[in-house]
Amino acid sequence: MSTYTLYGRPGSGSVAVQIALEEIGAPYERVWVGSADADVAAYRALSPTGRVPALGLPDGSVMFESAAILIHLALAHPEARLAPAAGTPAHARFLQWLVFLSANVYDAALRTYYSDRYSTLGAEGADAVRQRAAEDYLRDLTLIASHLGPYVLGAEYSLADGYLSMLAGWYPGERAELHRRVPALAVHAALVGARPAVAKTIADNAE
Ligand SMILES: N[C@@H](CCC(=O)N[C@@H](CS)C(=O)NCC(=O)O)C(=O)O
């Protein structure tokens, strides 16, 4: 099997991609991207947004955007059964939830942690951005949680589950409080966290 290169940072959006690579059992090199200006500038030559994750593909090209990477990996490795067969209604739901997570939940996380970038009004504006982001974050996690059964697609685990568990794990404040408010997320986090690919990824990111 050919080799991937995962560009990421510990605990960042690269976690979901690393979980996917571990689930597939694909050989990959994991590269942590530095946060210094020079590191980011060099990284932009590979991945023009300068954000992580990005994935170097076996042909030497590099792709970015976490949801797109997960969709690609699922399609490139159908034998790993990490998504329904392409073109089926189940695959349509897989795409729906991946894009929902990327466009809404990931976005709320970015508005939470980079709130100053979303306002020209200084600290007060950033506080307002953060408050709205927290409301949106909880609303959208609650929405997807109401469809868990116990996984995003029902009885079958898919790459959407690693993605959800990463994004829910970033929710600001106490994890216990989130799980008290949305119990289905507690069940989901326990199921996903018990998977060897997830435990290995979490351990690697904690080093
Ligand atoms: N839409 C992108 C978002 C990627 C993103 O913003 N990643 C964060 C880390 S979780 C990042 O690189 N932040 C650094 C920065 O924006 O300067 C994706 O889904 O891959």
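Between which two helices is the loop that holds P150? P150 is found in the loop between α5 (122–145) and α6 (159–169), where helices (H or I, at least four residues) and strands (E, at least two) are DSSP runs numbered from the N terminus. The model described here is predicted, so local features need pLDDT of at least 70 and side-chain atom pairs count only at pLDDT 80 or more, while totals for chains, interfaces and linings use all residues. Residues are numbered from 1 along each chain as its sequence is written.

**Domains and their contact**

- The chain is divided into domain 1 (4–82 + 201–206) and domain 2 (89–195), with bounds that come from an automatic or database domain assignment.
- The C-alpha centres of domain 1 and domain 2 are 20 Å apart, and the contact takes eleven residues from domain 1 and ten residues from domain 2, two residues being in contact if their C-beta atoms, placed from the backbone, lie within 7 Å.
- On the side of domain 1 that touches domain 2, α1 and α3 each supply at least two residues, and α3 gives the most, with six residues.
- That side of domain 1 is made up of ten nonpolar, one polar and no charged residues, where Ala, Val, Leu, Ile, Met, Phe, Trp, Tyr, Cys and Pro count as nonpolar, Asp, Glu, Lys and Arg as charged, and the others, Gly among them, as polar.

**Helix packing**

- Helix α1 (residues 14–24) and helix α3 (residues 66–76) have axes that come within 10 Å and cross at roughly 10 degrees, the axes being lines fitted to C-alpha atoms, for helices over the stretch in contact, with angles that run from 0 to 180 degrees between N-to-C directions.
- That crossing makes α1 roughly parallel to α3, given that angles under 35 degrees count as roughly parallel, over 145 as roughly antiparallel, 65 to 115 as roughly perpendicular and the rest as oblique.
- A16, V17, A20 and I24 of α1 make this contact with S66, I69, L70 and L73 of α3, and by class the contact has seven nonpolar, one polar and no charged residues.
- Helix α6 is mostly covered, with ten of its eleven residues buried; a residue is buried if 20 or more other C-beta atoms lie within 10 Å of its own, exposed if 12 or fewer, and partly exposed in between, with C-beta atoms placed from the backbone.
- The buried residues of α6 include L159, Y163, L164, M166 and L167, and what covers the buried residues of this helix includes α1, α3, α4, α5, α8 (183–193) and α9 (196–206).

**Surroundings of the ligand**

- The ligand is surrounded by S12, G13, R51, V52, P53, E65, S66, S102, Y106 and L110, a residue being near a molecule or strand if its C-beta atom, placed from the backbone, lies within 6 Å of it.
- This shell draws at least three residues from each of domain 1 and domain 2, and α4 gives the most to it, with three residues.
- By class, the shell around the ligand has four nonpolar, four polar and two charged residues.

**Backbone features**

- The peptide bond from V52 to P53 is cis, with omega near 10 degrees, and P53 has its place in the loop between α2 (37–44) and β3 (54–56).
- E65, in the loop between β4 (62–64) and α3, has phi near 85 degrees, a positive value in a residue other than glycine, and E65 is partly exposed, with 18 other C-beta atoms within 10 Å.
- R81, in the loop between α3 and α4 (89–113), has a positive phi of about 50 degrees although it is not a glycine, and R81 is partly exposed, with 14 other C-beta atoms within 10 Å.

**Two loop positions**

- G50 lies in the loop between α2 and β3, where it is partly exposed, with 16 other C-beta atoms within 10 Å, and, not counting residues up to four places away in sequence, G50 touches V40, Y43 and R44.
- V33 lies in the loop between β2 (28–32) and α2 and counts as buried, with 21 C-beta neighbours inside 10 Å.
- Leaving aside neighbours within four places in sequence, V33 is in contact with Y7, G8, R9, D39, Y43 and V52.
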